[in-house]
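The tour goes from the whole chain to single residues, one selection at a time.

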Amino acid sequence: MTFQSRIQRASSYQSVAKESRVLAADPYELVAVLFEELRETLNLMIESTRRGDDARMFQYRAKALAILNGLDESLNFDVAGDLSQTLHIIYTEAAKRIQMEGRESCIERVESAREMIHEIEKAWAAIAPYH
């Protein structure tokens with residue numbers, strides 16, 4: 001088995017594990033999965049930018065924006081009111097930072113967006129077991 005086929009097999013196993021986790025998840029766990037996936041995607045975006053791999057950077061940026069959009073669309077303003085509004089503002093600001101052009105400050109902007117989201121992720125992890 002070649003090195004490349006081992007990587008593809010490992011990636012396939014990882015994908016199946018994620019799919020299984022999502023299928024078995026309740027709504028709270030699904031949001032946790034989205035936060036985790038967003039964090040991983042932002043890390044990959046930063047790494048791609050450092051390597052000068054624009055194609056991958058744009059791919060990860062699109063994925064990160066799609067996840068942010070999914071999190072934003074899942075907000076329930078009727079039930080959570082002010083909290084939903086605050087999260088909407090944070091998600092919108094994170095998306096703006098991710099979308100801004102200019103390689104020289106791209107990494108710093110994405111890192112700041114990642115930190116914003118990480119704070120929400122930590123809070124979510126703290127309350128999720130009590131749902």
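This is a predicted model: local features need pLDDT of at least 70, side-chain atom pairs count only at pLDDT 80 or more; totals for chains, interfaces and linings use all residues.

Residues are numbered from 1 along each chain as its sequence is written, and side-chain values use heavy atoms, with hydrogens and water left out.

**Whole chain**

Switch to a cartoon view. The protein has 5 helices and 0 strands, and reading along the sequence gives the pattern α-α-α-α-α. Helices (H or I, at least four residues) and strands (E, at least two) are DSSP runs, numbered from the N terminus.

Now colour by pLDDT, the predictor's confidence in each residue, from 0 to 100. The average for the protein is 83, and 76% of the residues score at least 70. Which element has the lowest mean pLDDT, and which the highest? Helix α1 (residues 3-23) has the lowest, at 52, and helix α3 (residues 54-73) has the highest, at 95.

Next, consider contacts, meaning heavy atoms within 4.5 Å. Among contacts between residues at least 6 apart in sequence, 58% join residues at least 24 apart.

**The largest pocket**

Select Val31, Leu75, Leu83, Leu87 and Trp124. Of the 18 residues that line the largest pocket, these are the closest to its centre. The space in this pocket is about 480 Å³. On a 1 Å grid over the protein atoms alone, a pocket is an open set of points with protein on both sides within 12 Å along at least five of seven lines, a cavity is a set where a 1.4 Å probe fits but cannot get out, and lining residues have an atom within 4 Å of a point. Grid points are joined across faces, edges and corners, and the volume is the space filled by probe spheres set on the points.

Which helices each supply at least two residues of the lining? They are α2 (27-51), α4 (77-99) and α5 (103-127). The largest share, 6 residues, comes from α4.

Colour the lining by class. There are 15 nonpolar, 3 polar and no charged residues. Here Ala, Val, Leu, Ile, Met, Phe, Trp, Tyr, Cys and Pro count as nonpolar, Asp, Glu, Lys and Arg as charged, and the others, Gly among them, as polar.

**The aromatic pair**

Select Tyr28 and Trp124. A search of the whole structure finds 1 aromatic pair. Tyr28 and Trp124 form this pair, which is stacked, at 5.3 Å centre to centre and 25° between the planes. Tyr28 lies in helix α2 and Trp124 in helix α5, so the pair ties together parts that are 96 residues apart in sequence. Rings of Phe, Tyr and Trp (its six-membered ring) pair if their centres lie within 6.5 Å; planes under 30 degrees apart count as stacked, over 60 as edge-to-face and the rest as tilted. Tyr28 is partly exposed, at 33% relative accessibility.

**Along helix α2**

Select Arg39, found in helix α2. Arg39 counts as partly exposed because its relative accessibility is 27%. Arg39 touches His118 and Glu121, leaving out residues up to four places away in sequence. Its C-alpha atom is separated by 6.4 Å from that of Arg114, 75 residues away along the chain.

Move on to Thr41, also in helix α2. Is Thr41 buried or exposed? Thr41 is buried, with a relative accessible area of 2%. Beyond four places in sequence, Thr41 touches Tyr60, Lys63, Ala64 and Ile67.

Then select Leu42 in helix α2. Leu42 is buried, with a relative accessible area of 1%. Not counting residues up to four places away in sequence, Leu42 touches Ala64, Ile98, Val110 and Arg114.

**Across to helix α3**

Finish with Tyr60, which lies in helix α3. Tyr60 is buried, with a relative accessible area of 15%. Its contacts, not counting residues up to four places away in sequence, are Thr41, Leu44, Met45 and Ser48. Tyr60 and Met45 are 15 residues apart in sequence and 5.3 Å apart in space, C-alpha to C-alpha.

Key: Buried means under 20% relative accessible area, exposed over 50%, partly exposed in between (1.4 Å probe, protein chains only).
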